Amino acid sequence: MANLLIYTFTGNTLNPTTTAEGLTGSAQTDSGSLDNFATGTGNDWVSEPTIQAKPPTGVTTAALAVTNNSYWYFTATPNAGKVLGLAALNLNAGRGGSSVPRGLKIRSSIDSYAGDLYSANLATYGPTWTAISIDLSGVSFQGLTAAITFRFYVWAPTNSNTVDADDIILTGAVADAVAAVSPNFLPFFWA
Ligand SMILES: [Ca+2]
């Protein structure tokens with residue numbers, strides 16, 4: 001498997017650090033509802049800068065994060081004539097400080113953001129990351145010829161608390177799409 005997209009936030013950019021041939025990756029992007037969303041330093045992570053995401057006021061649980069659109073997202077889009085098969089989504093996540101609970105829930109556009117790929121209160125804060133690896137080898141993540149989006153929902157006790165993330169890596173493979181043969185052509189073969 002190859003690294004399709006890597007985000008390390010080096011230089012404080014939210015754009016991909018590395019993008020494989022055959023696809024494009026969006027920036028890590030605020031839903032528009034977060035209280036603040038930016039790269040930052042000062043939370044004791046060795047790999048700073050990292051993402052620092054602040055949920056809106058009152059978003060203190062996973063359920064409230066969903067109903068209040070408290071998330072950031074990124075999109076992977078295969079180029080024309082290409083097909084994506086995904087393998088995994090890996091990242092480091094943690095609380096920006098000691099206060100709890102702060103959590104992260106990850107969903108995808110494959111099921112219209114209905115099911116959790118990951119959901120937990122984060123047990124660690126700087127400098128100790130929680131390593132997350134999501135298996136995307138299932139059939140619903142193969143043969144993608146259209147964009148797929150991943151959402152990262154966050155919650156925290158107050159909107160001065162951040163949920164931090166770094167080294168977001170999407171792995172898989174890019175192949176050439178094979179043109180489908182229409183059944184209408186079969187009579188020519190058999191004529
Ligand atoms: Ca980093």
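First, a definition: two strands pair if DSSP finds at least two bridges between them. Helices (H or I, at least four residues) and strands (E, at least two) are DSSP runs, numbered from the N terminus. Now the ground rules. This is a predicted model, where local features need pLDDT of at least 70, side-chain atom pairs count only at pLDDT 80 or more, and totals for chains, interfaces and linings use all residues. Residues are numbered from 1 along each chain as its sequence is written.

Start with the overall picture. The protein has 2 helices and 13 strands. Its C-alpha trace spans about 75 × 35 × 25 Å along the principal axes.

A word on contacts. Two residues are in contact if their C-beta atoms, placed from the backbone, lie within 7 Å. Take the contacts between residues at least 6 apart in sequence: 73% of them join residues at least 24 apart.

Next, burial. A residue is buried if 20 or more other C-beta atoms lie within 10 Å of its own, exposed if 12 or fewer, and partly exposed in between; here too, C-beta atoms are placed from the backbone. Of the 191 residues in the protein, 34% are buried.

On to the strands. Which strands pair with β13? Strand β1, residues 2-7, pairs with β13, residues 163-176, in the antiparallel sense over 5 bridges. In that pairing, T171 of β13 sits opposite N3. Strand β6, residues 50-54, also runs antiparallel to β13, with 3 bridges. There, Q52 has D164 as its bridge partner. Then comes β8, residues 82-95, antiparallel to β13 with 12 bridges. Look for G85 opposite A173.

Now find β9, residues 103-108. Is β9 enclosed or open? It is largely enclosed by the rest of the structure, because 6 of its 6 residues are buried. G103, K105 and R107 point one way, while L104, I106 and S108 point the other way. Both sets are buried. Strand β9 has antiparallel partners too. It joins β10 through 4 bridges, with G103 partnered by N121. It joins β12 through 6 bridges, and there R107 stands opposite R151.

That leads us to the core. A nonpolar core is a set of buried Ala, Val, Leu, Ile, Met, Phe, Trp, Tyr and Cys residues joined through C-beta atoms within 7 Å. In soluble globular proteins, nonpolar side chains tend to be buried together. The largest nonpolar core here has 39 residues. Those with the most contacts inside it are A53, Y71, W72, L104, F152 and V154. The elements giving two or more residues to this core are β1, β6, β7, β8, β9, β12 and β13. Zoom in on Y71. Leaving out residues up to four places away in sequence, Y71 touches S31, A65, R151, F152, Y153 and V154.

Let's turn to the loops. A20 lies in the loop between β2, residues 18-19, and β3, residues 23-25. Is A20 buried or exposed? A20 is buried, because it has 20 C-beta neighbours inside 10 Å. Setting aside neighbours within four places in sequence, A20 contacts A2, N3, L4 and V174. A20 and I6 are 14 residues apart in sequence, and their C-alpha atoms are 9.0 Å apart.

Now S112, in the loop between β9 and β10. S112 counts as exposed because it has 8 C-beta neighbours inside 10 Å. From S112 to V100 is 12 residues in sequence and 29 Å in space, C-alpha to C-alpha.

V100 brings us to the cis peptide bonds. One joins V100 and P101, with omega about -5 degrees. P101 is in the loop between β8 and β9. Another joins G126 and P127, with omega about 10 degrees. P127 is in the loop between β10 and β11.

Last stop: positive phi in residues other than glycine. D44 has phi near 75 degrees and lies in the loop between β5 and β6. N69 has phi near 50 degrees and lies in the loop between α1 and β7. D44 is partly exposed, because it has 14 C-beta neighbours inside 10 Å. N69 is partly exposed as well, with 14 other C-beta atoms within 10 Å.

That's the tour. Over to you.
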